Structure formats: C-alpha cells, structure tokens
Amino acid sequence: MDTHPIDMTRSATNASAAAAVSVRGVSKNYGQVEALRDLSLDFPRGQLTSLLGPSGCGKTTLLKIIAGLLQPTEGEVEVNGKPVTGPGPDRAFVFQDFALLPWATVLRNVAFGLELRGVRISEREAIAEQYIRNVGLAGFEKSYPHELSGGMRQRVGLARALAVDSEVLLMDEPFSAVDEQTRRKFQEDLLGLVAGENKTFLFVTHSIEEAVYVSDQIAILLPRPSRVSEVIRPSGLRTRNVSDIRRDPEYLDIVDRIWASLRSYVE
Amino acid sequence: MPMSRSLVLKLLSGVIVFGAWEVAGRIPVSYAFPTFFESMAALVDMTVSGWIFEAYVETLRPLIIGLLISAFIGIALGLWVGLSNWFDWLVSPIFIVMQAAPLAALIPLLVMVYGIGLTSKVFVVCIMAMPVIVLNTAGAVRNAPTNLKEMGYSFLGTEQDIILKVIIPSASPIIFAGLRLGTSAGFIGAILSELKITPTGIGDIITYSRSIADYPSMYAAIFSIMVLAVLFLNFLERTERYFFAGNVRGYASD
Amino acid sequence: MTAFGIRLPGMSSLILWGLFWEIIGRSGYTFFLPPLSEVIATFFSIVDTPAFQKALSETAQAFLAGVFSAVVIGIPTGILMGKNRLVDELLLPWVNIFLSAPLTALVPVLMVLFGFGMKSIIITTALFAVWIIILNARAGVMQINRSLTDMANSFGATPWAAFSKIYFWAALPEILGGVRIGVIRAVKGVIIGQLLISIVGFGALFELYSANFLMGHFWAVLIVLFALAFVLSEGLAALERRVSYYAAQR
C-alpha cells in the first residue's frame with residue numbers, strides 16, 4: 001500500500017487547475033451495447049457536481065469508472081492530474097444500497113475503509129467514533145445494520161466514506177433508498193458538508209429537484225448513447241438559506257428547464 | 001393463558017400420533033407392530049442396561065469422523081470451486097452428478113475395496129454428506145453480494161482482504177446450512193452402512209431384535225436414532241439462527 | 001470457463017474425468033476400476049440381458065409408483081396446510097421431523113410390516129419424497145401475494161375459479177420445485193430400499209455382481225443409474241425454469 005497518498009495528491013493539487021476530476025473522451029461498451037460514448041466532463045474542486053439523467057443513461061457506469069471499479073473501453077479519467085487505473089485513496093464511494101457488512105457493528109462498518117488500509121485498530125476506531133458522532137449516530141456504535149432504519153444505514157455509509165478522508169466523494173444515488181423526509185434532511189446536511197469539508201463531491205441522482213437543490217454544477221446525461229447534453233451552473237442558490245432554496249425563482253426555473261429537456265426521453 | 005396456542009397444538013399433535021400408534025399396536029394391525037408403550041418400555045430397559053449407550057458409541061464413531069472429514073474437505077473444496085473459474089469447471093460437475101445420483105449404490109463396491117470395517121462406514125458417511133457441503137459453499141462464495149465486493153475494492157481492499165473479510169463472512173450462513181444438510185445426509189449414511197455393511201451399534205440392535213422377533217426393542221432403537229438425529233439437527237438449526245440472525249435480515253430493505 | 005478463447009460448456013470437464021478414468025483403468029492400478037472403455041463395452045453387452053431389464057423395469061415401477069403416491073398425497077396435504085392454520089400447526093412439526101430424520105432407519109420396520117418385496121420399496125420411495133413436496137406446496141400457497149387474492153375477490157371470483165385460475169398458478173413454481181427435489185430424493189430412496197431389501201431390482205443385481213467380482217458389470221450399472229438420475233434431475237430443473245419465469249416478479 002502507498003503510505004503517502006495524501007502528500008502526493010496535495011502536491012498535485014497545486015499543479016493542476018480548478019478541476020479535481022476530469023473525464024476525457026470516455027467510452028464504455030458492454031459487448032455490443034454502448035453504455036457511454038466519448039464523454040468528457042470536468043468536476044471543479046471543492047464543489048458538488050450532479051450527474052442527472054433518466055435511468056439507463058450510464059450515470060452509475062460513469063461514476064464507477066471514476067471510482068476505478070470499471071475500466072473504460074476508451075478514454076481516461078484523471079484525478080488531480082493523475083490517471084485513474086483502479087480504486088485509490090483519493091476517492092471514497094457512497095453506495096446506493098449502502099453496502100454495509102451485515103455481520104459487523106456500526107463501528108466496524110465505519111472503520112472498515114481504514115481497516116482495509118491497514119490502520120491500527122485503536123486509531124481507526126477513534127476516527128470512526130468521531131465520524132459516527134458527526135453524522136448523528138452517537139450511541140449506535142454497537143448496533144448492527146439490520147437494527148437501523150434505511151436513513152441511519154446511509155449515515156453509516158457516509159461516515160465510512162468520510163472516515164478515510166479522501167478528497168473526492170463519489171455518491172451513487174445515495175438518498176434514493178430512504179424515505180422523503182429523511183431525504184430532505186440528508187440534502188440539507190449534504191449542503192453543510194459541501195460548505196464545511198474541503199472536498200469534491202460527485203453526486204449521481206435521477207431526481208431533478210434533488211440535483212438542483214444540492215448542486216454547484218449539474219451535468220445532464222442523455223441515453224443511447226450516453227452523452228453530456230448540457231451543463232448547468234446555478235449561480236445564486238448557494239447564498240440562500242437552505243430552507244429558502246425551494247422557493248427561489250432560479251431554483252424553479254432550472255427545474256422547469258431540465259424537465260423540458262428530459263421529458264422527451266421518458267417512455 | 002398459561003400455555004401458548006402453538007405449544008398446546010404441538011402437544012396435541014404428539015398425543016394424536018402416539019395415541020394412533022398405541023391403538024394400532026393394540027388392535028394389532030400386524031404381529032410385528034408393538035404398541036407405543038411397549039416400545040417405550042423397551043427403550044427404558046435398553047437405557048437402564050446401558051446397551052443403547054454402547055450402541056451409540058459404535059454408531060456415532062463413523063458418523064462423527066465422516067462428518068468432520070466432509071466438513072473440512074468439503075468447505076475447502078467449495079471455497080476453491082467458488083473462487084476459481086477453472087477449478088469450478090473441473091470439479092463442479094462431479095459434485096452436481098453426486099448430488100443427483102443415488103450414491104448408496106456405491107456401498108457394495110466400497111465394501112469390496114475397503115472391507116467391512118470402520119473405513120467403509122466413514123466413506124459412506126462422506127459420500128453422502130460431502131456433495132451438499134461442497135455445492136452450498138461454492139454457491140455461497142460465487143454469489144457473494146457484488147455490492148459488498150465492490151465496496152471492498154473501492155476502499156482499497158486487496159484480493160485477500162475481500163475473500164477473508166467480505167466473501168467468507170457473507171457466505172458463512174449458507175455454508176453452515178450446507179453443513180446441517182450434510183449432517184442430515186450423514187445420518188442416513190451411517191445408519192445405512194450399519195444395516196447394509198455389518199450390523200454394529202444401533203444397526204445391530206435393529207437387526208438382532210428383528211431376528212429374535214423382539215419388535216418392541218427394534219422399534220425403540222429406531223425411535224431413538226430418529227429422535228437423536230432430529231434433536232441434533234434442531235440444535236444445529238438453532239445455533240445457525242442464533243449466529244446468523246442479523247446477517248440474514250441485514251439484506252432486507254425496510 | 002474459457003480456454004484459448006473458446007467457451008467450454010458446463011459439464012464438459014466430465015470428458016476429461018472419463019479420460020482420467022480410462023488411463024487409471026489401463027494402468028492396472030487397481031482391480032476395482034476397469035478402464036472406462038471396457039465398462040462401456042460391458043454396458044452394451046448387458047443392456048439387453050433379461051436380468052438387467054428386469055432390474056430396470058422393477059426399479060422404474062417402484063420409483064413411479066412411489067413418486068406418484070408422494071405427489072398425490074403431498075400436494076393436496078401441502079395446499080391444505082397452507083390454507084388451514086389448525087391443520088398446519090398440527091402437521092408441520094411432523095413434516096419437519098420426517099424431512100430431516102434418517103428415514104433409512106424405518107426400512108427394517110417396513111420390511112417386517114410389508115414383506116421383502118415391491119410394496120416396501122414403493123413405500124420407502126414415497127417416504128423419501130413426500131415431505132419436501134408437502135413443505136413446498138405449503139410454502140407456495142402461503143407466499144401467494146395478498147393483493148392477488150384481493151384482486152380475485154374484488155372481481156367476484158368464485159372459490160373454484162380463484163383456486164384454479166390463481167392460487168394453483170401462483171403456487172406452481174414452488175410446487176414444481178418441491179416435486180423436483182422430491183423426485184431426486186425418491187431416486188435415492190428407491191436405491192436404498194433395494195439395497196436393504198436386496199432381492200429386488202438393482203439391489204439383487206448388485207449382490208450378484210459383487211459376489212462374482214464382476215467389476216465391469218458393476219460400474220456399467222452404476223453409470224446407467226447415475227446418468228438416469230442426473231438426466232431426470234436436469235430435465236425437471238429445465239421444466240421448472242420454464243414455469244418459474246414469473247416466480248421472481250410476483
């Protein structure tokens with residue numbers, strides 16, 4: 001294992017410009033099926049970029065290529081100017097279905113990323129406990145995933161991703177499996193996280209409202225073959241109070257505009 | 001209510017079945033059909049005289065040796081089959097055929113090769129118990145949840161980390177269930193070998209009592225071995241539920 | 001599994017094992033394992049002998065009679081258990097016990113009660129098969145989606161129409177699954193019965209061959225038995241897949 005991943009990425013940071021992650025001409029074929037074709041996109045540092053599109057447009061495929069879980073057929077992905085060849089310490093993944101170990105406690109689940117990096121048990125549990133508190137699960141350290149609600153499980157998944165202190169967080173429809181109220185709370189918390197942590201967020205979603213609410217930049221993906229049809233950057237929403245965003249005219253305009261361009265792709 | 005409905009019904013169904021046995025024995029439906037109480041009296045006699053304990057020592061020896069061998073080799077083979085494509089291609093068909101085939105037909109051959117001693121009996125237990133252990137283990141390893149494996153890789157787990165910390169723990173409930181099914185098959189094998197190869201242990205009590213027409217003792221021996229098997233398997237199932245309760249429920253969405 | 005870019009079919013490694021058998025057999029390593037080619041030749045020489053055909057037909061009869069009784073008793077019992085709570089609670093403990101109990105131990109009882117003949121073998125076969133059929137039919141009926149029964153009621157289906165048009169089909173994948181496992185168990189049961197009773201069918205044939213050390217004959221019969229059992233189980237699995245395409249989406 002690389003023992004100085006963070007130092008190396010930091011030095012690269014200074015060299016490269018605003019994009020933390022850049023995707024250059026990526027194509028992905030599964031046999032005859034073309035999942036992605038020649039897709040290029042930049043993800044600005046310290047901001048949240050949403051990949052928004054109807055199902056089957058390849059947004060999860062793109063995220064997994066960036067994560068290094070899938071290899072692109074063509075093209076390349078760079079994180080901090082370094083080409084991606086596999087999973088790396090600079091990226092952490094939050095899974096749609098949480099991907100928690102059912103046989104492990106919350107504490108071990110949150111510490112699992114550090115465990116795989118060979119961090120000593122006392123150290124990693126101390127870090128994990130801190131992040132468990134941060135996501136609001138203090139007192140549940142000894143619980144098992146099946147004893148938690150869907151929302152709480154995703155907080156565990158989030159804490160696990162935060163605990164490894166990666167610069168880039170890859171979130172694959174993280175809130176789609178939780179109920180509406182929990183989702184709204186999550187979205188507010190996410191805005192706090194983007195503002196507070198100096199991390200780059202890549203956020204896959206199929207909800208237009210969610211994308212507009214949480215994003216600094218929205219990339220709209222269209223299917224067959226997948227391509228970026230439009231990149232929208234809401235300008236005035238970040239300065240608003242979190243509870244006022246949904247009433248903001250810009251918010252409503254962007255939601256309408258995105259729906260207008262997506263509606264023809266809905267069967 | 002002092003007793004739960006399900007307990008009352010369980011007792012009731014026991015009374016009905018054993019009562020029917022008693023009545024059928026009293027008619028009698030056959031000269032070779034003793035009553036329930038006669039059989040239980042014979043069981044008590046055997047227990048008091050210690051005969052039945054000597055018999056069980058004899059019967060359980062090949063069973064336990066065979067099950068231990070099947071568990072170790074079976075799980076090892078199953079892990080290998082589940083993790084390696086070429087080994088899967090090479091070995092799986094053998095166990096798939098074994099699973100479907102009436103392996104009891106191998107017994108006369110085993111007796112010719114290994115004689116009528118312990119070796120043959122252990123072999124019978126092994127061929128009965130091993131296929132289900134191997135196939136369950138392999139299937140569980142092969143079908144370990146992709147999302148958990150991806151999670152492991154994305155957090156920089158090595159191949160070995162993923163196998164030890166993700167695949168094997170997630171497969172263990174099904175591996176354990178395979179061991180339980182293997183044990184059930186092993187019991188069949190152990191008794192079959194005692195009835196077919198040489199009468200020892202419980203098989204000896206059954207065969208001997210039959211030959212002197214002591215039917216209550218014969219029924220008592222059969223009753224006791226079936227009770228023993230059921231209790232033991234029940235115990236395994238409870239252990240399983242205790243250990244893997246969370247693991248099984250954990251995949252359910254809420 | 002792929003080799004040299006070619007996808008190798010699922011069971012093709014058995015050819016390799018056959019070759020391995022042939023080599024071991026030819027090396028004369030053990031008297032008990034004649035070369036496969038010799039076994040196959042023996043098979044063709046015994047296949048039309050009266051002894052073999054008698055064994056095969058006796059086994060087939062016992063097997064079919066046993067499976068038939070198990071199905072005829074098992075499916076209605078299972079459906080009844082799935083529909084009626086009292087029957088279910090009275091019978092379920094016994095079904096579970098006999099499902100996992102070593103039924104081999106009961107064969108001596110059957111022998112003294114029903115004689116050393118076909119009747120005992122048929123009962124053994126049925127006993128091996130029936131419990132899993134009951135349990136699966138029960139599970140099939142119990143898992144029927146509540147909204148499906150509500151739908152039938154809301155459209156005013158008569159009880160018979162509801163049963164024949166909905167419940168039976170909704171439970172069919174489980175019922176067939178139970179019958180498939182039951183049939184595999186019945187194959188084992190019929191052989192175990194014949195081995196213990198050993199004057200009928202293949203049991204008698206095995207006695208004859210092993211007494212005379214006819215290894216080629218012995219292996220030939222074993223291969224036939226195993227192949228038949230395997231084909232039967234795969235055939236039923238294929239049938240089950242044709243029906244259970246909708247099982248996952250109920």
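Q: What makes strand 6 and strand 7 of chain A count as paired in this predicted model?
A: Strand 6 and strand 7 (residues 168-172) of chain A are joined in the parallel sense over 4 bridges. Two strands pair if at least two bridges lie between them, so the 4 bridges of strand 6 and strand 7 of chain A meet the condition. In strand 7 of chain A, A:Val168 is the bridge partner of A:Arg91.

Q: Which way do the residues of strand 6 of chain A point, and are they buried or exposed?
A: A:Arg91 and A:Phe93 point one way from strand 6 of chain A, while A:Ala92 and A:Val94 point the other way. In a regular strand the side chains alternate between the two faces of the sheet. A:Arg91, A:Ala92, A:Phe93 and A:Val94 are all buried; to be called so, a residue needs 20 or more other C-beta atoms within 10 Å of its own.

Q: What is the order of the strands in the open sheet of chain A?
A: The sheet has 6 strands in the order 6-7-8-3-9-10, with mixed pairing.

Q: Why do strand 6 and strand 10 of chain A stand at the edges?
A: Strand 6 (91-94) and strand 10 (227-232) of chain A each have a single partner strand, so one side of each has no neighbour in the sheet. From one strand to the next, the twist averages 20°.

Q: How do you know that strand 3 and strand 9 of chain A pair?
A: Strand 3 (residues 48-52) and strand 9 (residues 217-222) of chain A share 4 bridges in the parallel sense. The requirement is at least two bridges, so strand 3 and strand 9 of chain A count as a pair. A:Thr49 stands opposite A:Gln217 in strand 9 of chain A.

Q: How many helices and strands does chain B have?
A: Chain B has 10 helices and 0 strands. Of its 254 residues, 46% count as buried. The C-alpha trace of chain B spans about 70 × 60 × 30 Å along its principal axes.

Q: What makes up the side of chain A that touches chain B?
A: The contact takes 22 residues from chain A and 19 residues from chain B. Helix 3 (residues 106-116) of chain A provides the largest share of the chain A side, 3 residues. That side holds 16 nonpolar, 4 polar and 2 charged residues.

Q: How do you know that the span of helix 10 of chain C agrees with its number of residues?
A: Helix 10 (residues 215-243) of chain C has 29 residues, which at 1.5 Å a residue should span 42 Å. The end C-alpha atoms of helix 10 of chain C are 42 Å apart, so the two values agree. Its buried residues, among them C:Trp219 and C:Phe230, pack against helix 4 and helix 5 of chain B together with helix 2, helix 8 and helix 9 of chain C.

Q: Where is confidence lowest and highest in chain C?
A: Confidence is lowest in strand 1 (residues 2-3) of chain C, at a mean of 64, and highest in helix 6 (residues 118-142) of chain C, at 93. Where pLDDT is low, the predicted coordinates should not be read in detail. The mean pLDDT of chain C is 86, and 95% of its residues reach 70 or more.

Key. Residues are numbered from 1 along each chain as its sequence is written. Chains are lettered from A and ligands numbered from 1 in the order in which they are written. This is a predicted model: local features need pLDDT of at least 70, side-chain atom pairs count only at pLDDT 80 or more; totals for chains, interfaces and linings use all residues. Helices (H or I, at least four residues) and strands (E, at least two) are DSSP runs, numbered from the N terminus. Axes are lines fitted to C-alpha atoms, for helices over the stretch in contact, and angles run from 0 to 180 degrees between N-to-C directions. A residue is buried if 20 or more other C-beta atoms lie within 10 Å of its own, exposed if 12 or fewer, and partly exposed in between; C-beta atoms are placed from the backbone. The expected span of a helix is 1.5 Å times one less than its number of residues. Two residues are in contact if their C-beta atoms, placed from the backbone, lie within 7 Å. Ala, Val, Leu, Ile, Met, Phe, Trp, Tyr, Cys and Pro count as nonpolar, Asp, Glu, Lys and Arg as charged, and the others, Gly among them, as polar. pLDDT is the predictor's confidence in each residue, from 0 to 100.
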